[in-house]
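Let's take a walk through a protein model together. Have the sequence and the 3D view ready.

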Amino acid sequence: MKIGFIGCGNMAGAIIGGLLDSGAYHKEDIIGADVYAPSREKTAKNFGIKVTDQNLEVVSLADIVVLSVKPQFVEEVIKDIRDHVREDQLFITIIPGKTLAWLNETFGKEMKIIRTMPNTPALVKEGMTGVCAGDKVTEEDLKKGLEVLNAFGRTVAIKEDLLDILTGVSGCGPAYCFLFIEALADAGVVGGLSRSQAYELAAQTLLGSAKLFLESGKHPGELKDMVCSPGGATIEGVRTLENMGFRSAVMEAVLASADKSRSL
Ligand SMILES: NC(=O)C1=CN([C@@H]2O[C@H](COP(=O)(O)OP(=O)(O)OC[C@H]3O[C@@H](n4cnc5c(N)ncnc54)[C@H](OP(=O)(O)O)[C@@H]3O)[C@@H](O)[C@H]2O)C=CC1
Ligand SMILES: O=C(O)[C@@H]1CCC=N1
């Protein structure tokens, strides 16, 4: 089975890297198209896959076509390829804001489309992808699509009208996590830690905390309480974060991202 990407930027690169690393897909199984020569060169160099500047080449060769351009370019992409797509071809879109109804209308016919929202940890096979299948997608198509999407992390089935808020939480979420890693580490550097030590401490703390939450089944508040010794150091930090509106800032950020995603 051949998987083709139209748009070989950051997110397509993360997915391609995750797919190859999973061992379930090989470089001969993947082809990428991009109008931008540096993106093609980077993709070919990083992953050794075939790249082209012709979207139609991807359409003619791939069983599954991933639409991975920015929202403002997808209309032109679909108009270029729509007379050449096959009935049995499965499309996976990772583009925010473009609904299944809009995509089908732009294709000019009902297509087999799985609408998704992945995230960049796909590159290390720890992706989180929201998945919503269109009406024409059969159970067998969905199984094929999920095999690909599960190869680079977890998937969750989601109703289409919740994809924008999911985008705010997990699609954009890595950026917030990296800000938090930077902020934790910056504070460590203020206190005299080396930059590299501070990053390692911060990143492993996030990784370990996420793993502890996922594996323990405990409420995050309970896990937070386990760190806060009475009269101790952590509760002082928690108090400071609450005073500075930490939770509210995070919630506003996610809701702003969801609103923007809806409008793209
Ligand atoms: N980055 C992320 O974390 C995530 C991104 N997404 C979504 O994935 C999509 C891609 O994002 P991302 O990879 O970050 O974006 P990038 O800009 O890194 O990649 C998109 C690539 O597509 C190219 N392109 C533009 N027009 C065409 C065209 N007509 N035919 C072929 N290629 C074209 C772009 O070239 P040029 O630079 O010249 O425009 C660019 O190289 C977006 O819709 C984004 O919202 C979804 C989840 C997470
Ligand atoms: O910033 C964006 O619009 C895309 C969607 C999710 C992550 N990146």
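## Around the ligands

A residue counts as near a molecule if its C-beta atom, placed from the backbone, lies within 6 Å of it. This is a predicted model, where local features need pLDDT of at least 70 and side-chain atom pairs count only at pLDDT 80 or more, while totals for chains, interfaces and linings use all residues. Residues are numbered from 1 along each chain as its sequence is written, and chains are lettered from A and ligands numbered from 1 in the order in which they are written.

So who sits around ligand 1? It has 28 residues around it, with Gly-7, Gly-9, Met-11, Tyr-36 and Ser-39 the closest. Sorted by class, that shell holds 16 nonpolar, nine polar and three charged residues. Helices here are DSSP runs of H or I with at least four residues, strands are E runs of at least two, and both are numbered from the N terminus.

Ligand 2 has Pro-96, Thr-167, Gly-171 and Cys-172 around it: two nonpolar, two polar and no charged.

## The sheet

Eight strands make an open sheet with mixed pairing, in the order E3-E2-E1-E4-E5-E6-E7-E8. At its edges are E3 (50-52) and E8 (153-157), each pairing on one side only. Two strands pair if DSSP finds at least two bridges between them.

Now zoom in on E4 (residues 64-67) and E5 (residues 90-93): they run parallel, joined by four bridges. Val-66 stands opposite Ile-92 in E5.

How values were computed: Ala, Val, Leu, Ile, Met, Phe, Trp, Tyr, Cys and Pro count as nonpolar, Asp, Glu, Lys and Arg as charged, and the others, Gly among them, as polar.
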